[in-house]
Amino acid sequence: MGLILAFLFSGITFLSYHFHLIPNERETIVSQLARTLVDGSPFYSVIQAVTASILFLAANTAFADFPRLGYFLARDRFLPRQFRFQRDRLAFSTGILTLGVLTILLVIARHASVAALVPLYAVGVFTAFTLSQTSMVVHWGRSAQGELRRAPWHSLVIDAVGAVVTGIVTVVVIVTKFTHGAWIVMLLIPSLIGTMLAIH
């Protein structure tokens, strides 16, 4: 999957540079590239449909995983106990409803502008990547029980490099997109942490 992603990203980057495509708020680079390559062909619609499907699955990930995360946080008493409630279909309904309401409010507040929502997404995603990679470095260090020679060095190095790279991307996104909405995430994360610490 990593190789496929690298190949696609490199190809899109090369072709976009070759055809002098410029990002704009009305049309994505993928759409511009597809229109340039297969204009008038039904394949353009196929590319758009596949892109929309990928984005739909990406959005669905939050609804699949946040309720589970909410359950674990509620179990450890960092969120209200209602987040532990499970419906008949084994879904944590409080997490799904909370995420749904917050999503609706965010879309309304940002006037459904992709350009305004992307900085929020980017900061959130890369902050999560940085924290998870950093926690894996801590995990490998602890699993060695204090003896560095027993640490799985290849895993530790891969996670450390990942943490540094995603941390750099996070800082770059925060600095460049701060006035475009990244400040909201910078305000929200400490507020959430403070709320959780106040609960437990």
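The buried residues of H3 are Pro67, Gly70 and Ala74. Buried means under 20% relative accessible area, with a 1.4 Å probe and protein chains only.

User: What should I know about the model before reading on?

Analyst: This is a predicted model, where local features need pLDDT of at least 70, side-chain atom pairs count only at pLDDT 80 or more, and totals for chains, interfaces and linings use all residues. Residues are numbered from 1 along each chain as its sequence is written, and side-chain values use heavy atoms, leaving out hydrogens and water.

User: Where does H3 kink?

Analyst: A bend is the angle between axes fitted to the seven residues ending at a residue and the seven starting there. Helices are DSSP runs (H or I, at least four residues), numbered from the N terminus. In H3, a kink of about 25 degrees lies at Asp65, shortly before Pro67. Just after H3, Arg77 takes a positive phi of about 65 degrees.

User: Which residues make up the largest nonpolar core?

Analyst: A nonpolar core is a set of buried Ala, Val, Leu, Ile, Met, Phe, Trp, Tyr and Cys residues joined through side-chain atoms within 4.5 Å. Here the seven are Leu120, Ala122, Val123, Val173, Ile174, Ala182 and Val185. Helices H5 (114-143), H6 (153-177) and H7 (182-199) each give two or more. H5 gives the most, with three residues.

User: What is Ile174 in contact with, leaving aside its neighbours within four places in sequence?

Analyst: Contact means heavy atoms within 4.5 Å. Ile174 is in contact with Val123, Ala182 and Met186, with those sequence neighbours left aside.

Methods. Buried means under 20% relative accessible area, exposed over 50%, partly exposed in between (1.4 Å probe, protein chains only).
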